[in-house]
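My notes are below the picture.

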Amino acid sequence: MTALDPGPPFPGTSRDPTVLLTPRSLDEALRLLAAEGAAVLGGGVGHTLRRHDRRRPGPAALVSVGSLPELRAISWSGQHVAIGAGVRLGTIEADERLARVWPIVTEAVGSVATDRVRRLVTLGGNIAAGDDGHDPPVALAAAGATLTVRSASSLRILRVGEANELGEDELIQDVRLLTPPDRTGSAYEKFLVRGVWEYACVNVGAVVRLDDAGAARRLSLAVGSVKGGPVTVDLTELRGDVVDSALIDEVARRAAAATRPYNDVKGSAEYKSRMIAEFSRRAMTRAARRAEEPPCGEGADP
C-alpha cells in the first residue's frame, strides 16, 4: 500500500492522501472496489488529469488493476476475440491478427494521441472514461462489441454505448467482438483540427458485410464527438440494397441527421454536421472496398 501526495488543496478546502492498493488477482481487486471511496486505476492518465482539479474530492483509495494477468490478454476462440480491459492501446495497435480481422479497431486505437500515451492507456480505461470524443469506443460500437462487466457479486454484459452505466464497484473485464464472416470490411475515419488538440473534431466507424451479389447484409455506422456519443446510426432499412455511391450518400445523410455535434473551439455544430456526412461517406466507402477483397481466412459464420 502506498499513500499518494494529494497535492495543494484549493483555497478553503482540504485533501486527504489517496491510498494506492495493488491487488494480486481480479477477485481481490473486485473485493477492494466494493469498499466506499475506492476507484479503479488502470493506465492512470485519467486520474493524473483529474488531480489538476483541486476543487473535486479525490478517491480515498485507488485500486491498481493495470497489471492483473486476467486483464492483460488478447484471446481468440472460434467465434470471438476477447481483449482484456488492461491491454494497452499500443499492444492492440501492434496485434497483426486483430488488424487483419478488425482493421477498424486497429485504426481507432492507433489514432489516439501519441505513441507514448498509447503505451500507457488501457482499453478499459479509455472506454470507462465515458468521453464521447474517444476513438476506440466509436470503432467498437460500430463493430458491435460488448463489455463483460464484473463486481464482487455480479457479472453482466453491456454495449459499448452503455459504459456510463458502470457502477462504482464494477470493472470492465474484457471487450468482446464476434469474428466477422467473409466479405466483411470495416474502417475508421477521424478528423482533427491541428493546432487545437488531439481530440477528434469528427470520428466515424463503419462496418459493411456483402452478399455474393454485392448487396449489404450488414451496415453499421457509429459517430463520436456528438451528444450521447458514440451514436449508432440506424441503417436497418438499407440492408439488402446494393452498396454503391447512392447508398453511401444516403448513409452519410442519415448520419448527419441522426447526430447532434457541439459548438466548440473545433468548429460550429453546422460545420461538424457536414463533416460527419463527409467522413461517414469515407468510412463506409473504405469498409465496402475491404469487404470486396479476398477473404483473409479468419472468418466464421456467427
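**Entry 1: the model.** I noted at the start that this is a predicted model.

**Entry 2: the sheet.** I looked up the strand order. I found an open sheet of four strands, ordered β10-β11-β12-β13, and the pairing is antiparallel. Which strands sit at the edges? They are β10 (184-191) and β13 (231-232), since each is listed as pairing on one side only. I then checked how β13 is held to β12 (residues 216-224): the two pair in the antiparallel sense over two bridges. There I saw V223 opposite V231 in β13.

**Entry 3: the helix across the sheet.** Next I traced α5, residues 103-110. Helix α5 lies across β10 and β11 (202-210), and runs at about 15° to β10. How many of its eight residues are buried? I found six, and I wrote down that α5 is mostly covered. The buried ones are P103, I104, V105, T106, A108 and V109.

**Entry 4: two packed helices.** I moved on to α9 (residues 245-258) and α10 (residues 269-292). They pack at an angle of about 140°, and their axes are 8 Å apart. That angle makes α9 oblique to α10. The crossing of α9 past α10 is right-handed. I listed the residues that meet. From α9 come I248, D249, V251, A252, A255 and A256; from α10 come S273, I276, A277, S280, R281, M284 and T285. Sorted by class, this contact has eight nonpolar, three polar and two charged residues.

Technical notes: Residues numbered from 1 in each chain as written. Predicted model: local features only at pLDDT ≥ 70, side-chain atom pairs only at ≥ 80, totals over all residues. Heavy atoms only, no water. Buried < 20%, exposed > 50% of the residue type's maximum accessible area, 1.4 Å probe, protein only. Axes fitted to C-alpha atoms, helices over the stretch in contact; angles between N-to-C directions. Parallel < 35°, antiparallel > 145°, perpendicular 65-115°, else oblique. Left-handed = near helix turned anticlockwise from the far one by under 90°. Contact = heavy atoms within 4.5 Å. Nonpolar A, V, L, I, M, F, W, Y, C, P; charged D, E, K, R; others polar. Pairing = 2+ DSSP bridges.
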